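Here is a short briefing on a structure that may be new to you. Keep the sequence and the 3D view open as you read.

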Amino acid sequence: MTQFFLDGQAFDSLEDESVLDSLIKAGHKLNFSCKKGVCKTCLVQHVGGQLPVGAQRGLDLALKEQGYVCSCLCKPTDGLKFKSVMTQDLFISASLLSKKYLSESVVEVTLNLSKPINGRAGQYVNFRRFDGLTRSYSLAPGSHGRQAVVHVRRKYNGQFSDWLFHRAGNGEQLLLQGPLGAAYYQQGYSADTLVIVACGTGLGAAYYIAQEAIEQGHQGDIFLYYGTNDIAELYQHSQLMQASLRHRQLHYLACITKTPQGNLPGKVVVADPFDEAAKNHQFDRQHRVVLCGEPSFVNASRKAAFLNGVPIDRVHAIAFEYKDLRARERA
C-alpha cells in the first residue's frame with residue numbers, strides 16, 4: 001500500500017494502481033475521459049515527493065515545466081504530493097457561435113473563444129460543459145485565431161454528444177483546453193507521399209490535415225481515404241471531390257461497408273478504407289500514414305500499416321477513448 005497526497009488529503013493506492021484510479025475509488029470527483037494519457041483532462045500538479053517515470057508522458061514541455069502530471073499514468077511513490085489544477089490555469093472561456101448539420105448524425109460546432117489559440121491540423125481541444133463533463137474533439141477546417149471548429153457525431157445515449165447535437169444553443173458557455181496533441185502536419189513531411197485514412201468524424205481532422213499540407217506547399221501526393229457504413233453517412237463528399245479537382249496532388253476516395261441498392265456514386269467504393277489504401281500503395285519509407293477516427297479502427301490500422309512496411313515513426317494516430325457518459329447502458 002502506497003500513500004500519496006492531493007491538496008493535503010491522504011489517499012491510499014494499491015500496487016500498480018494509478019493516482020486517478022485511487023482517487024476514483026476514494027470517491028474524489030476528478031475529471032477524466034480516456035484514462036490513457038491522451039485527453040489531458042485528469043491533470044494534477046506535482047508539488048512534492050519523487051515523481052515516477054512516465055507520469056508526464058505525452059505532455060508538452062511547458063506543462064512538464066509547470067509540474068503537471070497525467071494522474072491516469074502516474075503510479076504513486078510513497079509521500080508523493082499533488083495539488084488540484086485550477087480551471088483558469090488550463091481552460092479559456094468559449095461560447096457556441098453556430099451549429100451546422102452535415103448529416104443526420106454529424107454536426108459542425110463552431111466556438112467563439114475568449115482569446116486566440118494557435119491550433120494546428122491534427123491537434124485537438126477539450127470541451128468542458130457547465131457540469132464538468134469533458135470531451136476531446138479534433139480541430140476541423142475553419143479553426144483559426146478566436147474560432148475553433150469541430151465535427152461531432154451524435155452517439156446513442158451519449159450525454160455530451162447528444163447535448164451538443166440537440167440542445168446546446170448559440171451563446172452556450174463552455175470552457176476550452178488546448179490545442180493539444182503532436183500528430184500535426186510538419187514541413188519536414190513535404191516530400192513524403194501522405195496517406196490519410198479516416199473513419200466517422202475523423203474526417204474533420206483528415207480534411208484539415210490535407211488542407212494544411214496543401215497550404216504549406218506539400219510536394220508529394222496526398223491520398224485521403226474516408227470510411228463509413230453507408231451512403232447516408234457520407235458527409236462533405238462533394239466538397240472533397242471539388243477539392244481534388246482544384247488540387248491535382250490531392251486524391252480522395254470514399255469507402256462504405258454496406259453495398260447500396262443501385263449504382264455507386266463517383267469516388268465511392270465498397271471496401272474498408274485502410275484495406276483500400278494498402279491495396280493501392282506499395283508502402284515504404286517514402287510514405288507517411290495518418291489515421292483518424294474511432295480507437296478500434298485506428299489501432300487495427302496502425303498495426304496493419306506497420307505490417308505493410310510503414311516504419312512506426314511514420315504512422316500518426318488521432319483517436320480518443322472515453323469513459324461511459326451515456327445516461328443508461330447500451331443494450
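Helix 7 covers residues 273-280 and holds both K279 and E276. These two residues sit three apart, about one turn of the helix. A salt bridge joins K279 to E276, with the closest N and O atoms 3.4 Å apart. The model is a predicted one.

- K279 counts as exposed, because its relative accessibility is 59% and the cut-off for exposed is over 50%.
- E276 counts as buried at 10% relative accessibility, since buried means under 20%.
- Elsewhere, D192, R288 and R314 belong to one network, joined by salt bridges that share partners.

**Other salt bridges**
- Eight salt bridges occur in the structure.
- One of them pairs the side chains of E212 and R120, at 2.9 Å from N to O.
- E212 is buried, with a relative accessible area of 9%.
- R120 is partly exposed, at 23% relative accessibility.
- Another salt bridge connects R129 and D131, whose closest N and O atoms are 2.6 Å apart.
- R129 is buried at 9% relative accessibility, whereas D131 is partly exposed at 42%.

- Six strands make up an open sheet, in the order 9-8-11-6-7-10.
- The pairing in this sheet is antiparallel.
- Strand 9 (134-138) and strand 10 (147-153) stand at the edges.
- Each edge strand has a single partner strand, so one side of each is left without a neighbour in the sheet.
- On average, neighbouring strands of the sheet are turned by 40° against each other, direction ignored.

**Strand 7 and strand 10**
- Strand 7 spans residues 106-113 and runs antiparallel to strand 10.
- Seven bridges join strand 7 to strand 10.
- Within strand 10, A148 is the residue that stands opposite L111.

**A helix across the sheet**
- Helix 4 (residues 159-167) lies across strand 6 (91-101), strand 7, strand 8 (124-128), strand 9, strand 10 and strand 11 (173-180).
- Helix 4 runs at about 60° to strand 6.

Technical notes. Residues are numbered from 1 along each chain as its sequence is written. This is a predicted model: local features need pLDDT of at least 70, side-chain atom pairs count only at pLDDT 80 or more; totals for chains, interfaces and linings use all residues. Side-chain values use heavy atoms; hydrogens and water are left out. Two strands pair if DSSP finds at least two bridges between them. Helices (H or I, at least four residues) and strands (E, at least two) are DSSP runs, numbered from the N terminus. Axes are lines fitted to C-alpha atoms, for helices over the stretch in contact, and angles run from 0 to 180 degrees between N-to-C directions. Contact means heavy atoms within 4.5 Å. A salt bridge is a side-chain nitrogen of Lys or Arg within 4 Å of a carboxyl oxygen of Asp or Glu. Buried means under 20% relative accessible area, exposed over 50%, partly exposed in between (1.4 Å probe, protein chains only).
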